[in-house]
Amino acid sequence: MSGSVLLACEQITMAFGGLLALNQASLAIYEGEILGLVGPNGSGKTTLINVISGQYRPTAGRILFQGADVTGLRPNRLAHIGIARTYQVPRPFHSSTVLDNVALAWMFGRRGHSRREAQELARETLAFAGLAEKVHLPVSKLNLHERKFLELARALALEPKLLLLDEVLAGLNPSEVQLGMALIRQIHQQGITLVFVEHNVGAVTELSHRMVVLNYGQNIAQGPPEQVVNDPAVIAAYLGEDYRGASSQEVGHAAG
Ligand code: ADP
Ligand code: MG
């Protein structure tokens with residue numbers, strides 16, 4: 001970890017009518033880290049990813065990426081400067097093949113490759129994601145874990161500096177979770193900074209360098225995993241008393 005701030009959220013508020021999905025949330029993402037972002041259902045995790053990746057313009061607050069104010073930039077513009085995300089519910093182009101889904105991202109990503117180059121690169125990315133055998137299938141033939149890993153491959157094809165992962169491990173069986181965690185480690189080793197939203201607290205504490213806990217759209221705790229999971233405010237809001245003292249192996253899923 002180099003220790004410099006890659007992205008900073010400053011007092012971000014996101015209102016939907018009278019509901020504050022984010023309520024003056026501030027946090028920093030450091031270059032080279034894996035940041036685990038957790039919190040109860042509805043605490044604003046996906047909204048924060050939507051705001052950072054440009055799906056929503058925040059009602060108030062600023063987002064700085066590499067020191068520049070990027071608040072309100074459109075998703076494709078943010079992708080070009082190095083911010084990519086996956087969706088909690090995968091959103092592939094169903095009518096095209098697995099290969100074309102990833103090739104499109106290479107064609108329209110940061111460096112803009114030709115179709116031919118993009119297809120070669122897409123094969124490599126798909127092999128990395130364990131989908132080499134599936135390249136010519138229509139996306140509709142993929143099961144959930146394959147769709148989730150296709151999402152990852154598509155995001156990687158954008159060559160991000162910062163990759164935001166929204167529950168990539170949700171719904172996977174234990175061996176698929178292990179595969180997913182191994183992929184995330186390899187992505188990190190390529191030098192990509194990761195934000196990892198996940199309900200599987202065992203996986204988050206194992207993978208993350210730091211954690212941030214959201215509750216009602218506010219950052220209620222941040223720090224090293226072992227500190228955060230023992231924080232009384234986090235136990236009260238999210239983990240529950242049963243979590244205290246348990247190892248990551250014993251506790252797969254927190255409530256919510
Ligand atoms: P999480 O990902 O932590 O479960 P979300 O960010 O999806 O939570 O949601 C936070 C709150 O904002 C919830 O109350 C949710 O219903 C609300 N919300 C999220 N997106 C929208 C939207 N587009 N319109 C209205 N309410 C929304
Ligand atoms: Mg969510």
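**A walk around ligand 1 and beyond**

Okay, let's start with ligand 1, which is surrounded by Phe16, Leu19, Ala21, Pro40, Asn41, Gly42, Ser43, Gly44, Lys45, Thr46, Thr47 and Tyr56. Before I go on, keep in mind that this is a predicted model.

Next comes lysine 45: an N or O atom in its side chain is 2.8 Å from an oxygen atom of the ligand. Then there's tyrosine 56, with a side-chain N or O atom 3.0 Å from a nitrogen atom of ligand 1. Taken alone, the ligand exposes 560 Å², and the protein buries 63% of that. As for elements, β2 (19-30) and α1 each give two or more residues to the shell around ligand 1. Which of them gives the most? That's α1, with three residues.

Now, two of those ligand neighbours, Phe16 and Tyr56, come up again. If you search the whole structure for aromatic pairs, you get one. The partners are phenylalanine 16 and tyrosine 56: their ring centres are 5.3 Å apart and their planes sit at 75°, so we call the pair edge-to-face. Phenylalanine 16 belongs to strand β1 (residues 5-16), while tyrosine 56 is in the loop between α1 (45-52) and β4 (60-65), so the pair ties together parts that are 40 residues apart in sequence.

While we're on rings, have a look at tyrosine 87. The charged end of arginine 85 sits over that ring, 3.9 Å from its centre.

Let's move to strand β4, where we find phenylalanine 65. With a relative accessibility of 3%, phenylalanine 65 counts as buried. What is it in contact with? Leaving aside neighbours within four places in sequence, phenylalanine 65 is in contact with Leu6, Leu7, Val70, Ile81, Gly82, Ile83, Lys161 and Leu162.

Glutamine 66 is partly exposed, with a relative accessible area of 45%. There's another case in glutamate 167, where phi is positive at about 50° although the residue is not a glycine. You'll find glutamate 167 in the loop between β7 (162-166) and α6 (174-189), and with a relative accessible area of 7% it is buried.

Next stop, helix α3 (residues 98-108). Which residues are buried there? They are Val98, Leu99, Asn101, Val102, Ala103, Ala105 and Trp106. What covers them includes α4 (115-128) and α5 (144-156).

Last one: arginine 210, in strand β9 (residues 210-215).

Technical notes. Residues are numbered from 1 along each chain as its sequence is written. Chains are lettered from A and ligands numbered from 1 in the order in which they are written. This is a predicted model: local features need pLDDT of at least 70, side-chain atom pairs count only at pLDDT 80 or more; totals for chains, interfaces and linings use all residues. Side-chain values use heavy atoms; hydrogens and water are left out. Rings of Phe, Tyr and Trp (its six-membered ring) pair if their centres lie within 6.5 Å; planes under 30 degrees apart count as stacked, over 60 as edge-to-face and the rest as tilted. Helices (H or I, at least four residues) and strands (E, at least two) are DSSP runs, numbered from the N terminus. A charge sits over a ring if NZ of Lys or CZ of Arg is within 6 Å of the ring centre and within 35 degrees of the ring normal. Buried means under 20% relative accessible area, exposed over 50%, partly exposed in between (1.4 Å probe, protein chains only). Contact means heavy atoms within 4.5 Å. A residue is near a molecule or strand if one of its heavy atoms lies within 4 Å of it. A polar contact is a pair of N or O atoms within 3.5 Å; within protein, one must be able to donate a hydrogen and the other to accept it, and residues adjacent in sequence count only if both atoms are side-chain atoms. Accessible areas come from the Shrake-Rupley method with a 1.4 Å probe; for residues, only the protein chains shown count as cover.
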